[in-house]
Amino acid sequence: MTVFRGKNVIKEAAATTAVDRRNLLKAGMFAGLGLAAAPALAACGGGSAGSGPALKWAGWDGPPQSEVFRRFSEKMTEKLGVKVTYQQVVGDYLSKLLSQLSAGAAPDAFYVGDIYMAKLIETKQLLDLTDYLDSGDAAVKLDDFHEGLYQWCRPADGSPGLYGLPVDCSPLVFWFNKDLLAEAGVSTDPAAQFEAGTWTQDALTDLLDKIRATKKKGLLIGSGNWFDWFGWMSTFGGTLFDDSGKAVFDSDPKSQEALAWLFEQLKSGNIAYSGTLPQGQSGDVLFYAGQLACVTSSRVILPNVKKLKFGFDIAPLPSLSGKDVMPVPVNTAALSVNAKSKNQAKALEFLGNYLNAEGQRFRLSGGGNAVPSVKGLDDIVTEGHVPAHGSLFNDVAAKGYAVPSAIAGNAKVANELPRLVDKMLKAGNGTPRSFSGKVVQLINKGS
């Protein structure tokens, strides 16, 4: 089974930012690139493109992560021989970054979110990393990364080049409340079923049937964002995109079978759409309150889940075989280098050291909520043995896929897709064919 067919293939054998994705791409936001600086520049503190030997880099994470970034900058100052400074951007990260880029004052390296990478490549704001990665001096190699996590950092038109690499990632997994499952008569939980090779679509349906009988909620689709529902097609063997990057899940038989199952579960009440819940309710909140038996989410919720009184664990999404970890969505962000930086060599050194195994261990160890984007750091997500099957985060990340290029490379699609899906799921009167047909039309034709 392949989720994507073509030269950038994610095979069966083979990340979450803190920024609100719906606010990232605003009408006309990229129009000012290359023009005079906007007034917001002053609030950003300026950049290092023309500031001599110092090196500045920027991201959007706040405390306590910003303290880790500060300490990492101190470490890099010593290693690289230049003053390295972290610039935390508070508020609307994208508009402030664009203001800096248009003024030629952006940091030497900075975080790039998945749905605006393509436009920054198109407007030549980012440095192609290919030569650096191919050199013998690179502190990190492309082969170090999980293959499915960096394809969105390539040009949307398929031309050569790589303009960023994932800083870490947030793979989608199946969280469950062990106590609620036991009360509902689920004798073998999903993690144990996966280990036994019986974690199938039928096993999940049976679990949800039993939860519904207790008057509790079984599972939610979190939103209309691709991240929250694409996985239900790919985990059951669906092919989402063909060789050319064209969406095909409206005609792919396994994708249609998976959607038919999903619509059946929505109709029966086994699965609910969060958009139909009362205001203030969400999957995370209901799960924390013990009112939702299962939630599909990433490791980002771990700090909150650790505080809960009930037993919990994770499993991969179920598969047709019952034993395979299948490709599912992974949220991620990238680190890129400013194409106009006057410190490109040092900026590339910084990028390599930030993203390699040593750099990710420094940033992610000690109780974080992200998953490494490079291989060989399995122990980070098993710290404290919470959850018990935490090693599965690594397995899912290794098989997963980041935002598809057809979505990341088209601002209109990225903005309108969640709205379209939200509207159709709230209406609740569509069929798998009509639903997928409208979504595919939007992705392929932008309308």
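Is the crossing of H11 and H19 right-handed or left-handed? I took this up in a predicted model, where local features need pLDDT of at least 70, side-chain atom pairs count only at pLDDT 80 or more, and totals for chains, interfaces and linings use all residues. Residues are numbered from 1 along each chain as its sequence is written, and side-chain values use heavy atoms, without hydrogens and water.

**Entry 1: H11 and H19.** I found the crossing of H11 and H19 to be right-handed (the near helix is turned clockwise from the far one by less than a right angle). The axes of helix H11 (residues 253-268) and helix H19 (residues 432-445) come within 9 Å and cross at roughly 115°. Axes are lines fitted to C-alpha atoms over the stretch in contact, with angles from 0 to 180 degrees between N-to-C directions; helices are DSSP runs of H or I, at least four residues, and strands are runs of E, at least two. On H11 I noted Gln 256, Leu 259, Ala 260 and Phe 263 in contact with Pro 432, Arg 433, Phe 435 and Ser 436 of H19 (heavy atoms within 4.5 Å).

**Entry 2: H8 and H11.** I then looked up helix H8 (residues 201-213), whose axis comes within 12 Å of that of H11 and crosses it at roughly 5°. H8 is therefore roughly parallel to H11 (angles under 35 degrees).

**Entry 3: the sheet.** I recorded an open sheet of 5 strands in the order S4-S3-S5-S14-S6, with mixed pairing (two strands pair if DSSP finds at least two bridges between them). Strands S4 (84-88) and S6 (165-166) stand at the edges with a single partner strand each, so one side of each lacks a neighbour in the sheet.

Methods. Parallel < 35°, antiparallel > 145°, perpendicular 65-115°, else oblique.
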